[in-house]
Amino acid sequence: MRAFLYRLRLWARKLGVRVISIAALSVLSVFAAKYSGVYVPAGVAEKIGADSVVSLLNIIANSMLTVTTFSLSVMVTIHRNASSQWTPRAHRMHLRDSRTQTVIATFLGAYIYALLSLILLDTPYFGDKEVVALFVTTLGVIAWIVYQMLMWVLHLQTFGSLEQTADRIHEQTRDALQLRMSHPCLGGHALLDRSIIPMDAKPVFAARSGYVVRMMASALDSAAEDCGGAIYIIVDVGEHITKGDPIAFTTGQTEKMTEAVEQNIDIGHHRDIEQDPNFGLLMLAEIGEKALSPGVNDGGTAIDMIDRMAELAETHEDLGETTYKNLWMPPLNTGDIIRRPFDLISRYAITSLEVQEVLLKRLDILSRHPDPDIAKAAREVAQDAFDRAQEALPTKVDKAKLVKPQCLTG
């Protein structure tokens, strides 16, 4: 059941469930007005004629189509600007923006509501009392449109900006890190050595090339239990694999287990932060890298990204219990949380004293992290960053000002 709900959530995310839900609600509102007409008191129908309702519906129908088109053009422009200014990966983050989806769904739903109502008003479907109910419903729709417009205006003030983009990446990466730090193997057993895999286990090969986007651990464990076997996954989320590469080994009913692995390990062209915190940290590092390019030369933004990455890397969660008894997979390599993103900014900041100072200070703090792999990686990256800076800083004065962190002097 959990696996089904997980897949339903992924499907809804891709399809835009808000658009479909509000469009369906707009249709239901029209028919609800029809059947609620019996509750309209006598005498009210004579005071509110069909002409007043038609005028309001015409205004909604004419304006909503224009507003929807305008909002879509604004959304596309903002997405393109965010991709070109910050990082191309930011585009997919903004596609999940709930406020934008709700606003566009509201405008589209209001257009459908007005159009359907106008069509039915030209038929004998609505009586006098039903027209009154439709009038009240239309006023409610207008109030909802006005509210969403106000929210949309406020949202546009920061939508697609550096701060908003970085905040969204930061929040999703934090959630992913908390998940993977508390459950490094997504609830399964740790596959630390392939010698754990039984000799009679059968390999499962990748059906296509791409990144391991996510794993449905609950569904994999359920399939293994039903088949009386176990699943040993040898790849991690975020890893790139080639068609034909082994991704897992299974015991039990081979055909059913192979099918379960293929269905519940998603392989796609794009990485996703949800189970892959390294990808979120890499996006923050890419923003810092872009800020340090000669055409931008914005050290402040790079420092902001370093601070965000350091804050995320400080995450430490107590290990949770093993939830899935029939599933083994490699644990999260916590050292990679430090190595690639911090090293990326270090290479682009070799001539910036201010950025190097902040970078070394944050790495020095992380070198005392309770996770030994994170602490070790922080010391290694700090050493590389300090050595690069000593070679690349333009003057002897700058080289003298760059203080060697404590983690490298002990």
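# Exercises on a predicted model

Arg368 has a relative accessible area of 54%, so it counts as exposed. The cut-offs are over 50% for exposed, under 20% for buried and the range in between for partly exposed, with a 1.4 Å probe and protein chains only.

The model is predicted: local features need pLDDT of at least 70 and side-chain atom pairs count only at pLDDT 80 or more, while totals for chains, interfaces and linings use all residues. Residues are numbered from 1 along each chain as its sequence is written, and side-chain values use heavy atoms, with hydrogens and water left out.

## Exercise 1. Salt bridges

State how many salt bridges the structure holds, and describe the pairs formed by Arg308 and Asp167, by Asp307 and Arg362, and by Asp364 and Arg368.

Solution. 

Step 1. A salt bridge is a side-chain nitrogen of Lys or Arg within 4 Å of a carboxyl oxygen of Asp or Glu. The structure holds 13 of them.

Step 2. Arg308 and Asp167 meet at 2.9 Å, N to O. Arg308 belongs to helix 12 and Asp167 to helix 8, so this pair ties together parts 141 residues apart in sequence. Helices here are DSSP runs of H or I with at least four residues, strands are runs of E with at least two, and both are numbered from the N terminus. Arg308 is buried at 13% relative accessibility, whereas Asp167 is partly exposed at 28%.

Step 3. The closest N and O atoms of Asp307 and Arg362 are 2.7 Å apart. Since Asp307 lies in helix 12 and Arg362 in helix 14 (residues 353-366), the pair ties together parts that are 55 residues apart in sequence. Asp307 is partly exposed at 28%, and Arg362 is partly exposed at 23%.

Step 4. For Asp364 and Arg368 the closest N and O atoms are 3.6 Å apart. Asp364 is buried, with a relative accessible area of 10%. A network built from salt bridges with shared partners joins Asp167, Asp304 and Arg308.

## Exercise 2. An aromatic pair

Classify the ring pair of Tyr232 and Trp328 as stacked, tilted or edge-to-face.

Solution. 

Step 1. Rings of Phe, Tyr and Trp (its six-membered ring) pair if their centres lie within 6.5 Å; planes under 30 degrees apart are stacked, over 60 edge-to-face, and the rest tilted. By this rule there are 3 aromatic pairs.

Step 2. The ring centres of Tyr232 and Trp328 are 4.9 Å apart and the planes are at 25°, so the pair is stacked.

Step 3. Tyr232 is in strand 4 and Trp328 in strand 8 (residues 327-329), so parts 96 residues apart in sequence are tied together. Tyr232 and Trp328 are both buried.

## Exercise 3. A buried charge

Which side chain of opposite charge is nearest to Asp398, and at what distance?

Solution. 

Step 1. Lys and Arg count as positive and Asp and Glu as negative; His and the chain ends are not counted.

Step 2. Asp398 lies in helix 16 (residues 396-401). Asp398 is buried without a salt bridge, and the nearest side chain of opposite charge is Lys401, 5.1 Å away.

Step 3. With neighbours within four places in sequence left aside, Asp398 contacts (heavy atoms within 4.5 Å) Leu353 and Leu393.

## Exercise 4. Positive phi

Compare the setting of Leu186 with that of Asn297.

Solution. 

Step 1. Most residues other than glycine have a negative phi. Leu186 has a positive phi of about 55°, and phi of Asn297 is near 55°.

Step 2. Leu186 sits in the loop between helix 8 (162-182) and strand 1 (189-190), and is buried at 9% relative accessibility. Asn297 sits in the loop between helix 11 (277-291) and helix 12, and is exposed at 62%.
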